[in-house]
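Dear colleague,

Please find below the structure for your review.

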Amino acid sequence: MRLLNVHTFEIHTFHGQDIPRYGILSHTWGEDEVSFAKFQDEFGEACRMKGFQKIQFTCEQARSDGLNYAWIDTICIDKSSSTELSEAINSMFKWYRDATVCYVFLIDIIKDRTDFTSSRWWIRAWTLQELIAPVTVQFYDCSWKSLGTKEDRLLVISNRTGIDIDTLKDPGCRMRNSIARRMSWAAGRQATRVEDIAYSLLGIFDVHIGLLYGEGDIAFFRLQQEILRVSEDQSLFAWGQSNQQSSWGALATSPDQFQASGDIKPIQSDHTHPPSSMTNRGTQVNLFLF
């Protein structure tokens, strides 16, 4: 795991138990973001880029909070390495969960002038896990003025996202919710790359899959296959309305099809009828509760 020293602006690599306390940034990408390569090789130019401001804000806040390190996705992941990118995405939930504090930078919000919940941060795919995973979350507006904490705004956030308050308080509680309900939290969320709709949900379901950019919505199909492999909760099939169809049969084509599934409780199969099995034609889904 790479971390930015908030005093020296040097990036250091840590492994295993040697990882120090750190703050972590959650934000939406915009124009002129600073990349890992630019930050390492052309720091002077990087400082003049628009994206550097949020890096500076994060470092200042981390220092104020008594932290020596911070993690920022734009500069702490070398996205030119497919191996590193895959490891980072599969570790992302854990990294946010283990952070001392998460700083949420709402660049499109002005304190006391803009509705807190109107930010596009609330509809991005990656920010779902960035909201749930860390226990301590602090929100800031475009000028880095404090907008309060997740704990301060639990009811407002729950109403905005559909996420239960227990999960907002403790990320471990997400696993008590049905698969369908967790999928409903992702309904309507957007990503620049269609594959990221699936990849951003790995931590929500505590699964891991290999990344293959270019596969399109097949990534969501593979995500559901992996969920089927590790879970007996058949609520994965409780999506959509009676007139909705999927080219994948019993599996949905998008989290959007779970929009109305937020109240569904876990649906357990019995041991004589597992929810799915592998055949020479692929995954066989055994439905018997619907």
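K94 and D98 lie about one helical turn from each other, because they are four residues apart in helix 5 (helices are DSSP runs of H or I with at least four residues, numbered from the N terminus). This is a predicted model, in which local features need pLDDT of at least 70 and side-chain atom pairs count only at pLDDT 80 or more, while totals for chains, interfaces and linings use all residues. Residues are numbered from 1 along each chain as its sequence is written, and side-chain values use heavy atoms, with hydrogens and water left out.

K94 and D98 form a salt bridge, with their closest N and O atoms 2.9 Å apart (a side-chain nitrogen of Lys or Arg within 4 Å of a carboxyl oxygen of Asp or Glu). D98 also forms a salt bridge with R97, at 3.1 Å between the closest N and O atoms. K94 is partly exposed at 42% relative accessibility, as is D98 at 35% (buried means under 20% relative accessible area, exposed over 50%, partly exposed in between, with a 1.4 Å probe and protein chains only).

A further salt bridge joins R193 and E195 at 3.8 Å, N to O. Here R193 is partly exposed at 39% relative accessibility, whereas E195 is buried at 4%. The whole structure holds 10 salt bridges.

The lining of the largest pocket draws its largest share, four residues, from helix 5 (a pocket is an open set of points on a 1 Å grid over the protein atoms alone, where a 1.4 Å probe fits, with protein on both sides within 12 Å along at least five of seven lines; lining residues have an atom within 4 Å of a point).

Yours sincerely

Conventions. Helices (H or I, at least four residues) and strands (E, at least two) are DSSP runs, numbered from the N terminus.
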